[in-house]
Amino acid sequence: MIINNSKFNSYYLKNFFRQFRIFVFDFDGVIVDSVKLKENIYCDSFGVDINEVKEQILIYVRNNTHMNREQKLYNIYNLLIEKFPNKNFDKNFFKNFNFLVNKYVLNLKIDKDFKKFILRLNNENIFILSAAPQNEVETILIRNNIFNIFTDVLASKTDKAKILNKLIKLYDSQKILFFGDKYSDFKAAEKANVNFLGRQSKINPTKFPDGCKTFKSFSDLCNDE
């Protein structure tokens with residue numbers, strides 16, 4: 001069941017989160033503002049700086065957020081050589097991508113308001129559920145000194161509904177709240193019959209279905225007024 005939409009206010013927030021026992025967070029676009037950066041890295045990994053090419057890459061990346069990275073990169077390469085047969089694309093795209101991730105993504109800072117929000121939850125059952133690579137997620141958490149606040153880091157997961165169903169064994173499905181920023185996250189919550197809260201990013205925000213509760217930043221969830 002998806003939470004019905006209503007306006008956040010201080011009184012509502014204090015009572016809203018008390019009904020849940022497990023909090024599950026997507027990573028990219030929710031805990032860390034990495035979506036735009038990673039989109040740029042996808043575009044830069046194939047060695048062609050042409051707007052038409054970048055547009056095709058972005059369309060594919062945004063429509064396949066659930067897919068693992070390696071498969072996504074190979075699929076993009078095959079798509080590009082088919083659509084642009086006269087262009088010389090760099091075949092070392094996977095190596096290029098990893099180099100840029102190590103240089104830029106691993107040093108990203110966690111949303112400071114997320115840290116504040118987690119402390120206010122005062123809950124021991126906090127999970128990360130992400131399609132991003134396990135070592136990448138863990139490295140960012142460790143460098144931001146928040147790795148230990150999570151019960152488990154469930155990364156490299158492309159079937160999020162399957163993992164949510166496993167968590168239901170710990171608590172009733174209606175005691176779980178999943179935070180995500182993509183339509184695929186919403187569908188995973190719907191499939192597993194758990195509650196969902198969608199984060200809408202500043203750049204290319206997801207259009208969630210009517211009735212889906214959303215927020216723009218964790219500062220909205222830490223409202224004292």
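I took a salt bridge to be a side-chain nitrogen of Lys or Arg within 4 Å of a carboxyl oxygen of Asp or Glu. I worked on a predicted model, in which local features need pLDDT of at least 70 and side-chain atom pairs count only at pLDDT 80 or more, while totals for chains, interfaces and linings use all residues. Residues are numbered from 1 along each chain as its sequence is written, and side-chain values use heavy atoms, with hydrogens and water left out.

**Entry 1: salt bridges**

I counted ten salt bridges by this rule. I then looked up the pair Lys-38 and Asp-28, whose closest N and O atoms are 2.7 Å apart. This pair links distant parts of the chain, ten residues apart: Lys-38 belongs to helix α2 (residues 35-44), and Asp-28 to the loop between β1 (22-25) and α2. For such elements I used DSSP runs numbered from the N terminus, with helices (H or I) of at least four residues and strands (E) of at least two. Both Lys-38 and Asp-28 are buried; I use buried for under 20% relative accessible area, exposed for over 50%, and partly exposed for values in between (1.4 Å probe, protein chains only). I also noted a network of salt bridges that joins Asp-28, Lys-38, Arg-69 and Glu-136.

I next examined Glu-39, which forms a salt bridge with Arg-62 at 2.9 Å, N to O. Here too distant parts of the chain are linked, since Glu-39 is in helix α2 and Arg-62 in helix α3 (residues 51-63), 23 residues apart. Glu-39 is buried because its relative accessible area is 5%, whereas Arg-62, at 32%, is partly exposed.

The pair Glu-190 and Lys-187 has its closest N and O atoms 2.6 Å apart in a salt bridge. Both residues lie in helix α9 (residues 183-192), three residues apart, about one turn of the helix. Glu-190 is partly exposed at 37% relative accessible area, and Lys-187 is partly exposed at 35%.

**Entry 2: cysteines**

I searched for disulfides (pairs of cysteine sulfur atoms within 2.5 Å) and found zero. Cys-43 counts as buried because its relative accessibility is 5%. Cys-212 is likewise buried, at 4%. Cys-222 lies in the segment after β6 (214-215) and is buried at 6% relative accessible area. I recorded 12 Å between the C-alpha atoms of Cys-222 and Phe-16, which are 206 residues apart along the chain.

**Entry 3: positive phi**

Most residues other than glycine have a negative phi. I found a positive phi, near 60°, at Asn-145. Asn-145 sits in the loop between α7 (134-143) and β3 (152-154), and its relative accessible area of 70% makes Asn-145 exposed. Asn-193 also has a positive phi, near 65°. The place of Asn-193 is the loop between α9 and β5 (195-199), and Asn-193 is partly exposed at 37%.

**Entry 4: surface charge**

I noted a positive surface patch formed by Lys-157, Lys-162, Lys-166 and Lys-169. Patch residues have over 30% relative accessible area and no salt bridge, with like charges joined within 9 Å and nonpolar side chains (Val, Leu, Ile, Met, Phe, Trp, Tyr) within 5 Å. Lys-169 is in the loop between α8 (160-168) and β4 (176-180). Lys-169 counts as exposed because its relative accessibility is 75%.

How values were computed. Accessible areas come from the Shrake-Rupley method with a 1.4 Å probe; for residues, only the protein chains shown count as cover. Lys and Arg count as positive and Asp and Glu as negative; His and the chain ends are not counted. The place of a charge is taken as NZ of Lys, CZ of Arg, CG of Asp or CD of Glu.
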